Amino acid sequence: MKLQNRYKKNRELFEKVSKVIPLASQTFSKSHIQYPEFAPHFIEKAKGSHVWDVDGNEYIDFINGLLPVILGYCDPDVDSAVINQMEKGVIFSLPSPIEGELAEILINIIPCAEMVRFGKNGSDATAGAIRIARAYTGRERVAVCGYHGWQDWYIGSTSRDKGIPDEVKNLTHPFKYNDISSLQVLFEKYPDEFAAVIMEPMNTDEPEDGFLEKVKELAHKNGALFILDEIITGFRFHIGGAQALFGIVPDLATFGKSMANGYPISAVVGKKEFMKEMEEVFFSFTFGGETLSISAAIATIKKIMEYAVIDRLWETGKIIMDNVSRIIEKYQLESIFSIKGKPPWSILKINNHGSISSWEIKTLFMQEMLRRGVLISSSHNVSFSHAEEDIRRLIECYEEV
């Protein structure tokens with residue numbers, strides 16, 4: 001089948017939707033500009049580890065909604081908990097008792113958690129953590145390492161800063177992962193001005209030589225709070241997050257994504273001394289206590305623990321990493337491809353090759369994987385529902401592509 005015919009309905013629907021929704025998507029990373037010209041634009045349904053586009057094409061999904069789907073689409077235990085709660089009510093005029101239930105669960109499993117507040121997206125949580133740090137310290141500058149969401153305080157420090165006031169941009173300062181001197185320089189340049197250091201505990205590279213401990217020590221030495229952004233690593237690397245895996249306890253931490261198997265919820269957690277600022281810092285949402293997502297989170301976390309879900313992610317991810325490394329080496333493509341990260345979330349790194357850009361190579365890679373029924377970008381977002389046959393097919397497609 002010609003590619004243009006394979007995605008005929010997708011392209012027709014895109015033309016229609018793009019007239020009423022910018023980028024024809026609610027999420028930048030799900031929009032058409034992240035995909036080849038010949039690719040699906042809309043998913044109609046999903047079950048387990050598979051999704052179907054509007055043309056009826058079936059894919060094994062290794063994106064999983066940008067990582068929230070940790071158990072698999074339409075997990076029966078999670079959906080059952082949601083349906084049971086739906087019969088009681090979705091949102092009330094006062095808090096629901098299950099808010100406290102979920103908070104207690106998080107406090108029991110996350111090392112730094114003594115108090116908890118919920119949001120809906122990761123950006124809510126990171127922005128809330130920064131607001132706490134600024135309120136507690138009376139300072140304004142923030143040092144960042146990694147990706148921390150769309151809100152002004154962070155995104156103004158990136159190339160996607162259109163619409164952000166310069167005054168806001170100038171308060172956020174990036175530093176380099178595994179380079180403690182890059183953080184030291186910031187503290188020396190702006191003494192006694194930093195409210196917080198916020199960072200992802202790990203992305204593609206492993207923390208070297210006690211790097212996380214050095215960041216925490218340097219932050220505290222300079223009167224700043226140490227915050228771990230665990231939106232991705234939480235409930236994926238370890239039930240207690242990367243902080244439990246690496247043995248580093250932050251002042252505050254943020255969680256989201258895998259927390260509720262796709263239902264919208266995030267959390268700011270941390271030591272009571274700092275979290276008490278939430279009583280005066282305005283962090284408030286009409287849907288902050290929405291009960292379906294809270295029920296989904298409780299059911300998801302219980303299943304993760306009962307079925308050793310994270311162990312499975314490590315096992316499945318290791319098979320993928322080992323085989324992708326083998327294939328790269330077999331075809332002598334080490335100058336172009338490498339596999340990085342941890343097994344529960346590994347990343348395919350793509351380099352330029354001569355006059356051919358990494359983006360062109362990635363475009364061809366994605367196009368051909370999609371043609372073979374594998375929905376993938378540049379990472380392996382494994383879920384509990386990925387079966388041996390799914391992994392075998394992924395590796396087979398890697399071999400061909």
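**Exercises on a pocket lining and a sheet**

In this predicted model, the lining of the second largest pocket is made up of 15 nonpolar, eight polar and four charged residues.

**Exercise 1.** Describe the second largest pocket by its volume, its lining and the elements that contribute to that lining.

Solution. 
- Step 1. Start with the volume: the second largest pocket comes to about 570 Å³.
- Step 2. Turn to the lining, which consists of 27 residues. Those nearest the centre of the pocket are S25, K30, H41, F42 and I43.
- Step 3. Assign the lining to elements. Two or more residues come from α2 (8-17) and from β1 (43-47).
- Step 4. Find the main contributor: β1 gives the most, with four residues.
- Step 5. Classify the lining residues: 15 are nonpolar, eight are polar and four are charged.

**Exercise 2.** Work out the strand order of the open sheet of seven strands, and name its edge strands.

Solution. 
- Step 1. Read the order across the sheet: β4-β10-β9-β8-β7-β5-β6. The pairing is mixed.
- Step 2. Look for strands that pair on one side only; these are β4 (115-119) and β6 (172-174), the edge strands.

**Exercise 3.** In which sense do strands β5 and β7 pair, and over how many bridges?

Solution. 
- Step 1. Recall that strands of a sheet pair through backbone hydrogen bonds, either parallel or antiparallel.
- Step 2. Locate the strands: β5 covers residues 141-145 and β7 covers residues 194-199.
- Step 3. Their pairing is parallel, over five bridges.

Methods. Residues are numbered from 1 along each chain as its sequence is written. This is a predicted model: local features need pLDDT of at least 70, side-chain atom pairs count only at pLDDT 80 or more; totals for chains, interfaces and linings use all residues. Side-chain values use heavy atoms; hydrogens and water are left out. On a 1 Å grid over the protein atoms alone, a cavity is a set of points where a 1.4 Å probe fits but cannot get out, and a pocket is an open set with protein on both sides within 12 Å along at least five of seven lines; lining residues have an atom within 4 Å of a point. Grid points are joined across faces, edges and corners, and a volume is the space filled by probe spheres set on the points. Ala, Val, Leu, Ile, Met, Phe, Trp, Tyr, Cys and Pro count as nonpolar, Asp, Glu, Lys and Arg as charged, and the others, Gly among them, as polar. Two strands pair if DSSP finds at least two bridges between them.
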